[in-house]
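Thanks for coming. I will take the contact between the chains and then the aromatic pairs.

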Amino acid sequence: MPQLDFANPLVLTQVLWLLVIFGALYVLLSKVALPPIARVLADREAAITADLETARALKADADAAIAAQEKAGQKARAEAQAALRAAVDAAKAEAVKAEADLGSRLAADLAAAEARITAAKDQALGAVRTIAAEAAAEATAKLTGLMPDAGAVVAAVDAALAAGQRR
Amino acid sequence: MAVEGKTIDALSQFELTPIVAGFTNSNLYMLIAGVAISALMVLGMQPRARVPGRLQGLAEVSYQFVHGMVDEQVGHEGRKFFPFVFTLFMFVLFGNLLGMVPYSFTFTSHIAVTFTLALVVFILITAVALAIHGMKFFGYFFPEGAPIALAPIIIPVEIISYLSRVVSLSVRLFANMVAGHVMLKVFATFVVLLGSLGGIGIIGAAAPLALNVALVGFEFLVAFLQAYVFAILTCIYLHDAVHLH
């Protein structure tokens, strides 16, 4: 096995060169290569942390804005509802008033009409009395040949009418 | 190279050949690994982008992988050892992975190399332990509360187990890489030998070929795993050195 042939001077020189190369690599890596990597990684972590912080702050802002918006919306809704209720109430009151007006006017019309009807009825009844009295006087004159007393005829007709009305 | 006079030669792939002034083919691949690691970590990080591209992502993932390992195993005090563990991990990993390139040389398959790396780790952990704990470090070899009568047994055992870290660390990596590459070579040679028979041999060659395909995948796993094991054991030893148990 060539590895165990320690009589070979190349085994020793190989080790010397190994120390040189390994040492140089160590110096190069520890002084030149690794510090920037540490910096890049630290920078990245700091940037990510800062970004997360910003995102958190922005989210808080957005949440506050949403809450304010919701509050404003609720207020507006309440106001609208109040206005609506007031309008409905006003309209209702007006309707009630209009109905009452109409009712009283109708009642007045009705009363006037009834008065007219009563007057007309009385007039008609008066005419019936006169006609009945004349007819009764003529009938009596034709039957008896005597002209009856006008006052007695009217009284008799009245009595008959009253009896007719009573029946 | 693989088949010389119809024999299986699995070991010539580990032969050191000088390139210039004791600089061997093994060292060439160490240099390639070093350059590749530096390129990845320096050029790959060049964009310094907040959202990394592929190469920067790879560099960052390697950084964070080792950083997490050191942080987890050694703790906060381990921060200053991170560049060392990172260099070690990347060097072993790239050495193992470069070895998977056909015709390349696997420098982690040399016990001299893995032992040297393990020795560097050993010297480091001993120096760190001595620097932090001074003479109290030697209490590590005799656990508190153990009966004094057992000291003649416990102390040698503890010292041997401490020293054997170098051996276990280096032999594990060395043996894994050698075994994997020998197996790949042996089965690849089977394929060539059987294939050269023609007829039935070609059909027979399918089995070692299939096995080799699976082995290549397995070796990539081993390449990563052994680099990881090497680095994490270094971290555990560093933890012991910093905290003394």
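How much area is buried between chain A and chain B, and what share of that area do carbon and sulfur atoms give? Bear in mind that this is a predicted model. The buried area comes to about 3400 Å², and 78% of that is from carbon and sulfur atoms. On the chain A side, A:Gln3, A:Gln14 and A:Phe22 supply 19% of the area that chain A buries against chain B, more than any other three residues. In residue terms, 31 residues of chain A and 45 residues of chain B take part in the contact.

Next, the charged and polar part. The rule finds 1 salt bridge across the interface of chain A and chain B. It joins the side chains of A:Arg44 and B:Glu60, at 2.7 Å from N to O. Polar contacts between chain A and chain B come to 7 residue pairs, with both residues at pLDDT 80 or more. By class, the side of chain A that touches chain B holds 25 nonpolar residues, 4 polar and 2 charged.

Now the aromatics. Over all chains, the whole structure has 20 aromatic pairs. Take A:Phe22 and B:Phe84: how are their rings arranged? The ring centres are 6.2 Å apart and the planes stand at 85 degrees; edge-to-face requires over 60, so this pair is edge-to-face. The pair crosses between chains, with A:Phe22 in helix 1 of chain A, residues 9-144, and B:Phe84 in helix 3 of chain B, residues 82-98.

Are these two residues buried or exposed? The cut-off for buried is under 20% relative accessible area. A:Phe22 has 6%, so A:Phe22 is buried. B:Phe84 has 8%, so B:Phe84 counts as buried as well.

The last item is within chain B. B:Phe141 and B:Tyr162 form an edge-to-face aromatic pair, at 5.4 Å centre to centre and 85 degrees between the planes. Where do the two partners sit? B:Phe141 is in the loop between helix 4 (111-133) and helix 5 (151-197) of chain B, while B:Tyr162 is in helix 5. They are 21 residues apart, and the pair links distant parts of the chain. Both B:Phe141 and B:Tyr162 are buried.

Which aromatic cluster do they belong to? B:Phe141 and B:Tyr162 form one cluster with B:Phe122, B:Phe137, B:Phe138 and B:Tyr140.

That is the end of the talk.

Key:
Residues are numbered from 1 along each chain as its sequence is written. Chains are lettered from A and ligands numbered from 1 in the order in which they are written. This is a predicted model: local features need pLDDT of at least 70, side-chain atom pairs count only at pLDDT 80 or more; totals for chains, interfaces and linings use all residues. Side-chain values use heavy atoms; hydrogens and water are left out. Contact means heavy atoms within 4.5 Å. Buried area is the accessible area (1.4 Å probe) that two parts lose on being put together, summed over both. A salt bridge is a side-chain nitrogen of Lys or Arg within 4 Å of a carboxyl oxygen of Asp or Glu. A polar contact is a pair of N or O atoms within 3.5 Å; within protein, one must be able to donate a hydrogen and the other to accept it, and residues adjacent in sequence count only if both atoms are side-chain atoms. Ala, Val, Leu, Ile, Met, Phe, Trp, Tyr, Cys and Pro count as nonpolar, Asp, Glu, Lys and Arg as charged, and the others, Gly among them, as polar. Rings of Phe, Tyr and Trp (its six-membered ring) pair if their centres lie within 6.5 Å; planes under 30 degrees apart count as stacked, over 60 as edge-to-face and the rest as tilted. Helices (H or I, at least four residues) and strands (E, at least two) are DSSP runs, numbered from the N terminus. Buried means under 20% relative accessible area, exposed over 50%, partly exposed in between (1.4 Å probe, protein chains only).
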